[in-house]
Amino acid sequence: GTALTGRYSPASKGRELGALANRRNVFVQGHEDWPLGTSGGLSMEVDKTNSAFGRHFSIIHNNAYMDVQREFQLCVESMQAENMIHLLMLNPYHIATLLQVSEIAKHQGDHSVSGDLLERALFSIGRSVHSTFAAALREGMARLSFNDPKNRELYLTMWRYIQNLSMRGTWRTAFEWTKALLQLDTLNDPYGMTLMIDQMALRGRQYAAFIDLCSESAYGKIWSHLPNMQISLSLAYLRSSQPKLARQTL
């Protein structure tokens with residue numbers, strides 16, 4: 001964990017993120033002790049397939065980023081954790097390396113470092129998004145195709161971050177991230193957020209927000225036949241002091 005901070009980073013020559021950490025980010029704020037550096041060639045573009053059901057975006061990698069991807073593959077094939085950590089020290093904001101080293105820290109029981117690296121990955125993606133992505137995300141209209149392998153890194157980062165938040169018991173924050181991940185591909189829901197969003201809402205005491213979600217046209221009809229949703233909805237009504245609606249839902 002200490003070796004991955006900006007003070008000891010060869011890539012930033014010991015310089016830290018500092019005041020730049022306070023810049024607005026669509027996902028998470030940066031930490032002042034992170035290395036000073038760019039995303040390394042990560043960016044986002046708007047697809048031409050926009051529709052009334054959402055604005056479609058795609059993450060793109062430039063040639064420099066793809067070179068680091070190839071180095072990452074060599075580190076994976078070496079099966080040496082030290083090589084992966086060294087690659088991250090040289091490329092402190094490479095998403096795939098951040099995810100892998102985060103898993104290494106997790107399996108070693110260092111959940112603090114694991115969560116920190118996941119936040120760094122979200123920060124790196126967040127400062128590389130398209131100028132219209134933040135507004136689309138707030139409006140519930142942001143879409144990223146799971147069929148594109150480059151987009152899947154965002155899905156995986158968000159999913160692991162939700163797991164990290166759940167482990168720490170920050171259920172309300174986990175609920176918000178679950179909603180965001182579900183939004184990216186509402187129809188296909190590749191990470192099965194539909195099977196857990198109700199538990200996140202109940203544990204985070206977001207009863208009204210969950211009831212509102214179940215009342216929306218985008219989710220109401222789709223969720224009406226799911227037992228977990230209907231049972232949780234009944235409990236949400238009961239916790240919201242609406243026993244009549246709770247009994248009707250049951």
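Select A96 to begin: leaving aside neighbours within four places in sequence, A96 is in contact with Y65, Q69, F72 and E153, where contact means heavy atoms within 4.5 Å. You are looking at a predicted model, in which local features need pLDDT of at least 70 and side-chain atom pairs count only at pLDDT 80 or more, while totals for chains, interfaces and linings use all residues. Residues are numbered from 1 along each chain as its sequence is written, and side-chain values use heavy atoms, with hydrogens and water left out.

## Stop 1: around A96

A96 is found in helix 3; helices here are DSSP runs of H or I with at least four residues, strands are runs of E with at least two, and both are numbered from the N terminus. Is A96 buried or exposed? A96 counts as buried because its relative accessibility is 10%; buried means under 20% relative accessible area, exposed means over 50%, and partly exposed lies in between, with a 1.4 Å probe and protein chains only.

Now show helix 1 (residues 63-78) together with helix 3 (residues 95-107). Their axes are 9 Å apart and the helices pack at an angle of about 30°. Each axis is a line fitted to C-alpha atoms over the stretch in contact, and angles run from 0 to 180 degrees between N-to-C directions. Which residues make the contact? Helix 1 brings Y65, Q69 and F72, and helix 3 brings I95, A96, T97 and Q100. By class, this set holds 4 nonpolar, 3 polar and no charged residues. In this scheme Ala, Val, Leu, Ile, Met, Phe, Trp, Tyr, Cys and Pro are nonpolar, Asp, Glu, Lys and Arg are charged, and the others, Gly among them, are polar.

## Stop 2

H61 sits in strand 2 (residues 55-61). With a relative accessible area of 15%, H61 is buried.

Next, go to S39, in the segment before strand 1 (42-46). S39 counts as buried because its relative accessibility is 14%. Its side chain reaches the backbone oxygen of L42 at 3.4 Å. Not counting residues up to four places away in sequence, S39 touches Y65, Y93, S124, R127 and S128.

## Stop 3

A pocket, on a 1 Å grid over the protein atoms alone, is an open set of points where a 1.4 Å probe fits, with protein on both sides within 12 Å along at least five of seven lines; lining residues have an atom within 4 Å of a point. The volume of this second largest pocket is about 170 Å³, counted as the space filled by probe spheres set on the points, which are joined across faces, edges and corners. Its lining has 4 nonpolar, 2 polar and 3 charged residues.

For the largest pocket, select G140, R143, Q183, T186 and Y219, which lie nearest its centre among 34 lining residues. The largest pocket has a volume of about 910 Å³. Which helix gives the most to the lining of the largest pocket? Helix 7 does, with 7 residues. Helix 5 (133-138), strand 3 (142-144), helix 7 (171-184) and helix 9 (207-215) each supply at least two. The lining divides into 19 nonpolar, 7 polar and 8 charged residues.

## Stop 4: two positive phi values

Most residues other than glycine have a negative phi. Select M79, where phi is near 60°, a positive value in a residue other than glycine. M79 is in the loop between helix 1 and helix 2 (81-90), and is exposed at 74% relative accessibility.

R205 also has a positive phi, of about 60°, although it is not a glycine. Find R205 in the loop between helix 8 (197-203) and helix 9; it counts as exposed at 67% relative accessibility.

## Last stop: H111

Finish at H111, in helix 4 (residues 111-126). H111 is partly exposed, with 32% relative accessibility. Beyond four places in sequence, H111 touches K106, N164 and M167. To end with a distance, the C-alpha atoms of H111 and P190 are separated by 25 Å, and the two residues are 79 apart along the chain.

Notes
A polar contact is a pair of N or O atoms within 3.5 Å; within protein, one must be able to donate a hydrogen and the other to accept it, and residues adjacent in sequence count only if both atoms are side-chain atoms.
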